[in-house]
Amino acid sequence: MGELLFTHVGLSGPLVLKASSIINFEDIAKLDAYIDLKPGLTVDALDRRVLKDFNRNSNKLLKNSLDALLPKKLIPYFITRSEIEPEKPVNQLTKEERARLVSLLKHLDFKLISLEEIDKAIITSGGVDVKNIDSRTMESKIIPDLFFAGEMIDVDAYTGGYNMQIAMSTGFLAGTSAKNKN
Ligand SMILES: Cc1cc2nc3c(=O)[nH]c(=O)nc-3n(C[C@H](O)[C@H](O)[C@H](O)COP(=O)(O)OP(=O)(O)OC[C@H]3O[C@@H](n4cnc5c(N)ncnc54)[C@H](O)[C@@H]3O)c2cc1C
């Protein structure tokens, strides 16, 4: 489904853009986002991996022992979310604390507040209903000589070039149809 970015205002990236096209129609305040930071490992396998890392770095502080697991910039935030003292040596972590770290790695949750404003949108949902457009010409079935193309039609797709294809194909068809009609 694509990459996810942590930005200074929240979550973004192709994955979030795709998700936003679905949750756009939901009550955002009632939704949560969960991120699996280690999708390739089961909880048990991840626990063994964390234990191995901690055994190798047993005298290191927690804040200095997650480099192999997480991007550097994410580590302070991640430790804050774990509610474990960052200065704690990993050989003093309890089993429960390690389980909390593993659980967060598999299930980092965020309360969703809102989507970005429309001026930040890449693609818009909604528009002129395709039922009211002749798909052979892009002409309105309601108002003769009016032709539609691109974003103004109620057709949208995930990012990846599909919307540009929609805009160009419908634009070409609408333009040639209008020319041929007149
Ligand atoms: C930052 C960004 C990244 C994107 N990335 C992707 C992507 O990776 N893949 C993908 O598929 N889609 C992507 N899109 C979406 C894609 O660009 C649009 O779906 C597509 O360009 C829509 O084409 P359009 O001709 O319908 O509208 P637009 O490209 O918006 O063209 C409308 C034109 O009409 C002009 N206009 C507006 N009002 C008037 C007026 N009153 N009189 C005269 N002219 C007017 C505007 O100035 C503009 O030039 C992206 C969009 C943005 C903003």
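A residue is called buried if 20 or more other C-beta atoms lie within 10 Å of its own, exposed if 12 or fewer do, and partly exposed in between, with C-beta atoms placed from the backbone. Q92, which has 11 C-beta neighbours inside 10 Å, therefore counts as exposed. The structure discussed here is a predicted model, in which local features need pLDDT of at least 70 and side-chain atom pairs count only at pLDDT 80 or more, while totals for chains, interfaces and linings use all residues. Residues are numbered from 1 along each chain as its sequence is written.

The overall form comes first. The radius of gyration of the protein is 25 Å, whereas a compact globule of 182 residues would have a value near 16 Å; the radius is taken over C-alpha atoms, and the globule rule is 2.2 Å times the number of residues to the power 0.38. Along the principal axes, the C-alpha atoms fill a box of roughly 80 × 30 × 25 Å. Of the 182 residues, 13% are buried. The domain assignment, an automatic or database one, gives domain 1 (32-111) and domain 2 (123-181). Between the C-alpha centres of domain 1 and domain 2 there is a distance of 50 Å.

The protein contains five helices and six strands. Two residues are in contact if their C-beta atoms, placed from the backbone, lie within 7 Å. Among contacts between residues at least 6 apart in sequence, 58% join residues at least 24 apart.

V9 counts as exposed because it has 8 C-beta neighbours inside 10 Å. Although V9 and E116 are 107 residues apart in sequence, their C-alpha atoms are 9.3 Å apart in space.

The loop between α3 (74-82) and α4 (95-106) holds E83. The phi angle of E83 is near 60 degrees, a positive value in a residue other than glycine. With 9 C-beta neighbours inside 10 Å, E83 counts as exposed. Q92 lies in the loop between α3 and α4 as well.

M138 is placed in the loop between β5 (133-134) and β6, and it has a positive phi of about 70 degrees although it is not a glycine. Because 23 C-beta neighbours lie inside 10 Å, M138 counts as buried. A149 belongs to the loop between β6 (139-140) and α5 (162-181). A149 has 18 C-beta neighbours inside 10 Å and so counts as partly exposed. Leaving aside neighbours within four places in sequence, the contacts of A149 are M138, A167, T170, G171 and A174. From A149 to Y77 the C-alpha distance is 45 Å, for a separation of 72 residues in sequence.

The ligand remains to be described. The residues around the ligand are I122, I123, G150, E151, T159, G160, G161, Y162, N163, M164 and A167, a residue being near a molecule or strand if its C-beta atom, placed from the backbone, lies within 6 Å of it. This shell divides into five nonpolar residues, five polar and one charged. In this division Ala, Val, Leu, Ile, Met, Phe, Trp, Tyr, Cys and Pro count as nonpolar, Asp, Glu, Lys and Arg as charged, and the others, Gly among them, as polar. A167 belongs to the ligand shell and is also one of the contacts of A149.

Methods: Helix = DSSP H or I, 4+ residues; strand = E, 2+ residues; numbered from the N terminus.
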